[in-house]
Amino acid sequence: MTARILLLGGVTEALAIARRLGPEHVYSLAGIGRVPQDLRCQVRVGGFGGAEGLACYLRKAGITLLIDATHPYAAQISRNAAEASRTAGIPCWALRRPAWQAQAGDDWREVADWAGLINALKPFRRPLFTLGREPLQHLEEIPLHQFWTLRALEACPGNERCEVIGARGPFRLEDERALFARRGIDVLISKNSGSVATEPKLEVARERGLPVLVLQRPTLPEVDLSFAQLDPLLARLGL
């Protein structure tokens, strides 16, 4: 198809799209993590200034199609994208991979927010957080009976009751098993990202009979076209 695309990245699949885009298109990243250096398309790093700023950018850059391939929990960015596309009068498509579904043997406990998570976490001693950087804001609130292990894209300082591991998926099942065993993990905290790359941790929790505290997915806005898988989106784009 003929369009000038602004691709909002955030999930692994977004990079697969970006690798197929030519120099007339733009791949936008929030700035967290590494910026690819081997793309033919333009790369933009940083925010736009909300929905109004994004709409202004769409007009000035001559964008004719906005693709939202951000993380399922980046709800504000998705809301801005939907609103900006309407304001600019261009279509907005979204790649929204399906959520994981609990399987036999799973003990998943959904929590709505941080307060609900902390309350559900009270009985445990060795949690593994895989929520990204959000728990870093709460290091001074760690109960005396707990030691936290946090996994994020980049390593950063923790404190005497928290260690932060910098690691990027995809994660191998055997490595996840070793991590859980080595650190004596007794509960897993996760977003329901639906990513194949990070799913092995759920299998290990299932094997070990551990509960998983799952942060509830936010409600995302309606868009012109929504795709659950990468291949149909690529086909619609003619890529």
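Predicted model: local features only at pLDDT ≥ 70, side-chain atom pairs only at ≥ 80, totals over all residues.
View 1. The relative accessibility of S28 is 5%, so S28 counts as buried, the cut-off being under 20%. Apart from neighbours within four places in sequence, S28 is in contact with L6, L7, L8 and G9, and also with R44, G46 and F48.

**View 2. The largest nonpolar core.** This core has 22 residues; I5, L7, I17, Y27, L233 and L237 touch the most other members. At least two residues each are supplied by β1 (5-8), α1 (12-18), β2, β4 (65-68), β5 (92-95) and α7 (230-237). Helix α7 gives the largest share, four residues. In soluble globular proteins, nonpolar side chains tend to be buried together.

**View 3. Contacts of I17.** With neighbours within four places in sequence left aside, I17 is in contact with L7 and L95, and with L230, L233, L234 and L237.

**View 4. A second, separate core.** This core consists of 19 residues, among them L117, F124, C156 and L215.

**View 5. Packing of helix α5 with helix α6.** Helix α5 covers residues 173-183 and helix α6 residues 200-208; their axes lie 9 Å apart, at an angle of about 55°. The two helices are therefore oblique to each other, and α5 passes α6 in a right-handed crossing. On α5 the contact is made by L173, E176, R177, F180 and A181, and on α6 by P200, K201, E203, V204, A205, E207 and R208. Of the residues in this contact, six are nonpolar and six are charged, with no polar ones.

Conventions
Residues numbered from 1 in each chain as written. Heavy atoms only, no water. Axes fitted to C-alpha atoms, helices over the stretch in contact; angles between N-to-C directions. Parallel < 35°, antiparallel > 145°, perpendicular 65-115°, else oblique. Left-handed = near helix turned anticlockwise from the far one by under 90°. Contact = heavy atoms within 4.5 Å. Nonpolar A, V, L, I, M, F, W, Y, C, P; charged D, E, K, R; others polar. Buried < 20%, exposed > 50% of the residue type's maximum accessible area, 1.4 Å probe, protein only. Core = buried A, V, L, I, M, F, W, Y, C linked by side-chain atoms within 4.5 Å.
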